[in-house]
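Try each task by looking first, then follow the solution step by step.

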Amino acid sequence: METESEKGNRYWIGVVSASHVEKGVEGGFAQLCHGKAASLRKMNAGDWLIYYSPRTSLEGGKVLQAFTAIGRVVDHQVYTFHMSDSFIPYRRNIQYFSCQQVKIADLLDQLILTRGQARWGYRFRYGHLEIQREDFLTIAVAMLGAEIETC
């Protein structure tokens, strides 16, 4: 699957509950796959990240199934953040853009990733996936309400 643009940018979806996405947006960072570094290391400065939130919160949250944030990787640094003595996750700096949440149900038939697939959620189970530029643009336009010229 070809996912890089002529500029070399890549496009990613991170699967994170909306309450955790909110913390990342407020802090200007991405934290994926329960704080593991591998997913963050796949991304490069200039890549785009869209968060998909299946639920409002990790435990006991309401079903949301929406794209909840969009941003761009700022630099090449993957770093640790001391949250507690037992949890020191890896993070990445992200420049987030003001956007609206978009229900995935509204885009299922438009996205190459999900079009015609009854079990579309299967692709999201690992918490981080690369998507094609066309899918990124479809989601980004829905979230931002305008074309993105710089991707």
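**Exercise 1. Find the ring under Arg91, and the one under Arg125.**

Solution. Start with Arg91: this residue sits over the face of Phe81, 3.9 Å from the ring centre. Now go to Arg125, which lies over the face of Tyr122 at 3.5 Å from the ring centre. To count as a charge over a ring, NZ of Lys or CZ of Arg must be within 6 Å of the ring centre and within 35 degrees of the ring normal.

A word on the ground rules. The model is predicted, so local features need pLDDT of at least 70 and side-chain atom pairs count only at pLDDT 80 or more, while totals for chains, interfaces and linings use all residues. Residues are numbered from 1 along each chain as its sequence is written, and side-chain values use heavy atoms, with hydrogens and water left out.

**Exercise 2. Work out which strands pair with β3, and in which sense.**

Solution. First, locate strand β3 at residues 48–55; helices (H or I, at least four residues) and strands (E, at least two) are DSSP runs, numbered from the N terminus. Next, look towards β1: β1 and β3 pair in the parallel sense over five bridges, and two strands pair if DSSP finds at least two bridges between them. Tyr11 has Trp48 as its bridge partner in β3. Then turn to β4, which runs antiparallel to β3 and is joined to it by seven bridges. Here Trp48 stands opposite Arg72.

Last, check how enclosed the strand is. Six of the eight residues of β3 are buried, so the rest of the structure largely encloses it; buried means under 20% relative accessible area, exposed over 50%, and partly exposed in between (1.4 Å probe, protein chains only). Ile50 is found in this strand, and at 0% relative accessibility Ile50 counts as buried. In space, Ile50 and Met143 are 9.7 Å apart, C-alpha to C-alpha, although 93 residues separate them in sequence.

**Exercise 3. Find which strands pair with β5.**

Solution. Take β2 to begin with: β2 and β5 pair in the antiparallel sense over two bridges, and Ala30 has Arg92 as its bridge partner in β5. Move on to strand β4 (residues 63–80), which pairs with β5 in the antiparallel sense over six bridges.

**Exercise 4. Count the aromatic pairs, then describe the one between Tyr51 and Tyr96.**

Solution. A search of the whole structure gives eight aromatic pairs. Rings of Phe, Tyr and Trp (its six-membered ring) pair if their centres lie within 6.5 Å; planes under 30 degrees apart count as stacked, over 60 as edge-to-face and the rest as tilted. Tyr51 and Tyr96 are stacked, at 6.4 Å centre to centre with 20° between the planes. Tyr51 lies in strand β3 and Tyr96 in strand β5, so the pair ties together parts that are 45 residues apart in sequence. Both Tyr51 and Tyr96 are buried. Elsewhere, ring pairs link Tyr11, Trp48, Phe97 and Phe136 into a cluster.

**Exercise 5. Find two residues other than glycine with a positive phi: His34 and Gln65.**

Solution. Phi of His34 is near 60°. His34 is in the loop between β2 and α2 (38–42), and this residue is exposed, with a relative accessible area of 63%. Gln65 has a phi of about 50°. Gln65 sits in strand β4 and counts as partly exposed at 35% relative accessibility.
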